[in-house]
Amino acid sequence: MNEFFFKFRYGIKVYKNVLTDSERKMLVESSKKYLKKISLHHPGLQSVNYLDRLFKINQDKDAFFLIDKLIKKSKLNNLKMQDCWVNYVDFTEKIPCWHVHENIKKSLVYYLDSPEKLGTIFRVGGKECLIGGVENSMVIFDSNMEHTAPYNISSSRLSIAMDFV
């Protein structure tokens with residue numbers, strides 16, 4: 001399905017040039033130290049789902065401020081952020097991890113490092129559509145939409161995900 005039509009039909013919002021390049025690089029460095037292998041069912045590496053609180057606890061004020069800036073730019077600040085985590089999709093991962101986020105209204109993915117400009121793959125009614133994810137952009141979508149990170153890539157991708165209720 002055509003990406004433009006798919007975004008329009010399913011209310012997917014894409015924002016580009018969200019942070020300055022220096023802010024994005026700082027968030028990359030602050031986020032990387034929290035990555036770990038969560039389980040065999042989670043592709044690549046992830047942080048725990050309270051990354052924003054880790055930034056606050058560890059007094060990483062700049063990173064905490066940038067998470068808040070992403071929320072404001074997303075125009076989701078009327079909702080409550082429930083979860084926030086960093087994802088590292090390794091190019092060696094070749095298996096999709098289709099999922100939905102239950103009991104969540106909106107999900108956000110911010111692409112920290114996306115060399116291939118691959119974003120998120122959505123599946124509706126058995127049809128798949130890749131919504132591009134250039135570095136320093138974010139995508140917002142209804143959390144009940146089935147989706148996965150790209151799984152047949154040739155370089156790694158780093159993103160921050162958030163869920164809102």
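Two strands are taken as paired if DSSP finds at least two bridges between them. The views below come from a predicted model.

**View 1. Strand 7 and strand 4 pair in the antiparallel sense.** Five bridges link strand 4 (residues 106-113) to strand 7, which covers residues 138-142. Within this pairing, V109 stands opposite V139 of strand 7.

**View 2. Strand 1 is joined to strand 7.** Strand 1 (residues 13-15) runs antiparallel to strand 7, with three bridges between them. V14 has V139 of strand 7 as its bridge partner; V139 also faces V109. Four of the five residues of strand 7 are buried, so the strand is largely enclosed by the rest of the structure.

**View 3. The largest pocket.** The space in this pocket amounts to about 490 Å³. It is lined by 28 residues, of which Q46, W85, N87, H99 and H101 are the closest to the centre. Strand 2 (45-46), strand 3 (81-89), strand 4, strand 8 (146-148) and strand 9 (157-164) are the elements that each give two or more residues to the lining.

**View 4. Make-up of the lining of the largest pocket.** Strand 3 contributes the most, with five residues. Sorted by class, the lining holds 13 nonpolar, twelve polar and three charged residues.

Methods:
Residues numbered from 1 in each chain as written. Predicted model: local features only at pLDDT ≥ 70, side-chain atom pairs only at ≥ 80, totals over all residues. Heavy atoms only, no water. Buried < 20%, exposed > 50% of the residue type's maximum accessible area, 1.4 Å probe, protein only. 1 Å grid on protein atoms, 1.4 Å probe; cavity = no way out; pocket = protein on both sides within 12 Å on 5 of 7 lines; lining within 4 Å. Points joined across faces, edges and corners; volume = space filled by probe spheres on them. Nonpolar A, V, L, I, M, F, W, Y, C, P; charged D, E, K, R; others polar.
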